[in-house]
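My notes follow in the order I took them.

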Amino acid sequence: MGYANQRFDVNLSILFTELPLLERPAAAAAAGFTAVELWWPWVATPTPPQDELDALAKSLKDAGTQLVGLNFYAGELPGPDRGALSVPGEESERFRANLDVATRFAETTGCTALNALYGNRVEGADPAVQDQLALENLVLAARAADRIGATLLLEALNQPESPRYPLLGADETVALADRVNEATGLTNTAFLMDLYHLSMNGLSTEDLYAVIDTHAARTGHVQIADDPGRGAPGTGTLPLGSLLERLHTAGYAGWTGLEYKPGDRPSAEAFDWLPAERRAARP
């Protein structure tokens with residue numbers, strides 16, 4: 001089904017959420033996975049106490065799991081927010097305050113991919129002003145990521161679930177990544193290709209193949225869930241195996257994050273689509 005050539009990681013902010021945060025890495029390891037990713041775990045603060053950061057780093061290490069993806073502070077997620085970096089005022093300042101904290105944590109855990117969610121359009125704010133603020137903050141984020149040898153990721157979301165989020169298409173998101181690279185003189189800003197979000201925006205399978213063929217070389221990370229329903233592969237109609245095989249053929253060799261809902265069952269039972277021997281990260 002096209003899954004043999006992939007390196008999978010589990011998103012611990014949407015799977016295993018029935019468990020406390022510090023127990024999730026061990027649960028993922030018990031299910032056979034050795035790589036994980038996270039949204040920013042401290043929704044209420046961009047600067048959590050150091051002992052909480054240390055405890056999470058220890059839980060990842062003790063479980064034998066490698067953190068391969070981390071969001072910068074993005075506001076209330078899951079919830080009404082979709083990032084902070086383009087939101088004028090306090091939220092933008094919170095994003096900036098998070099840059100050093102998130103990159104230090106990433107460096108400590110060996111994580112080399114940092115996702116910066118753009119943020120919603122704000123009623124009464126000039127979109128051009130938001131976009132200028134976003135570019136300024138993304139330049140800061142790219143430079144912070146570069147200091148630890150990490151990639152900055154930019155993600156397109158979907159309009160039905162995120163109607164005020166302005167980055168909806170692959171072309172515009174890659175174009176923004178290129179603008180950030182041009183502004184910094186670096187090459188470490190890349191596209192996060194979430195096949196679920198792209199499908200929810202109405203792209204057909206052939207459209208998705210075209211996105212893959214066009215943008216695989218500019219893709220720094222991939223995430224999947226089936227559509228409809230945002231469940232595990234096989235619960236919807238999205239041909240994820242075929243799409244991932246196309247990514248492999250197009251030269252993508254990075255991580256594929258499992259960012260789906262387990263449904264009405266424990267998360268540990270939501271991986272029956274993937275043979276146990278394919279869950280641990282291959283070299």
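I started at Phe 16, which counts as buried at 2% relative accessibility. Buried means under 20% relative accessible area, exposed over 50%, and partly exposed in between, with a 1.4 Å probe and protein chains only. Phe 16 sits in the loop between β1 (7-11) and α1 (24-30). I take helices (H or I, at least four residues) and strands (E, at least two) as DSSP runs, numbered from the N terminus. The phi of Phe 16 is positive, near 65 degrees, and the residue is not glycine. Most residues other than glycine have a negative phi, and most peptide bonds are trans.

I then followed Phe 16 to Phe 271, one of its contacts. Leaving aside neighbours within four places in sequence, Phe 271 also meets Val 10, Leu 15, Ala 31, Phe 33, Leu 258, Tyr 260 and Arg 279. Contact here is heavy atoms within 4.5 Å. Leu 258 and Phe 271 touch the most other members of the largest nonpolar core, which has 82 residues. Among its contributors, α3 gives the most, with 6 residues. I count as a nonpolar core a set of buried Ala, Val, Leu, Ile, Met, Phe, Trp, Tyr and Cys residues joined through side-chain atoms within 4.5 Å.

**Ground rules.** This is a predicted model, in which local features need pLDDT of at least 70 and side-chain atom pairs count only at pLDDT 80 or more, while totals for chains, interfaces and linings use all residues. Residues are numbered from 1 along each chain as its sequence is written, and side-chain values use heavy atoms, with hydrogens and water left out.

**Whole chain.** I found 8 helices and 8 strands in the protein chain. The radius of gyration is 18 Å, close to the 19 Å that the globule rule gives for 283 residues, so the chain is as compact as a globular protein of that length. The radius is taken over C-alpha atoms, and the rule is 2.2 Å times the number of residues to the power 0.38. The C-alpha atoms fill a box of roughly 50 × 45 × 35 Å along the principal axes. Of the 283 residues, 54% count as buried. Among contacts between residues at least 6 apart in sequence, 77% join residues at least 24 apart.

UniProt, in an unreviewed entry, lists residues 26-275 as "domain: Xylose isomerase-like TIM barrel". Over residues 26-275 I read 41% helix and 14% strand, with the end C-alpha atoms 19 Å apart.

**Helix α4.** Does the length of α4 agree or disagree with what its residue count predicts? Its 21 residues (127-147) should span 30 Å at 1.5 Å a residue, and the end C-alpha atoms are 30 Å apart, which agrees. The expected span is 1.5 Å times one less than the number of residues. Asp 126 caps the N-terminal end, with a side-chain oxygen 2.9 Å from the backbone nitrogen of Ala 128. After the helix comes Gly 149, with a positive phi near 75 degrees. The buried residues of α4 include Leu 133, Leu 138, Val 139 and Ala 142. They pack against α3 (90-109), β4 (113-115), β5 (151-155), α5 (170-184) and β6 (189-194).

**Two buried polar residues in loops.** Asn 188 lies in the loop between α5 and β6, and counts as buried at 10% relative accessibility. Its side chain has a polar atom 3.0 Å from the backbone oxygen of Ala 142. The backbone oxygen of Ala 150 is 3.2 Å from a polar atom of the Asn 188 side chain.

Thr 65 is in the loop between α2 (50-63) and β3 (66-71). It is buried, at 7% relative accessible area. Its side chain reaches the backbone oxygen of Leu 60 at 3.1 Å.

Leu 77 and Pro 78 are joined by a cis peptide bond, omega about 5 degrees. Pro 78 is in the loop between β3 and α3. The bond from Asp 227 to Pro 228 is also cis, with omega near 5 degrees. Pro 228 lies in the loop between β7 (219-224) and α8 (240-249). Arg 230 lies in the loop between β7 and α8, and has a positive phi near 55 degrees. At 12% relative accessibility, Arg 230 counts as buried.

Terms used: A polar contact is a pair of N or O atoms within 3.5 Å; within protein, one must be able to donate a hydrogen and the other to accept it, and residues adjacent in sequence count only if both atoms are side-chain atoms. UniProt positions are given in the numbering used here, feature names are shortened, and annotations may be inferred rather than shown by experiment.
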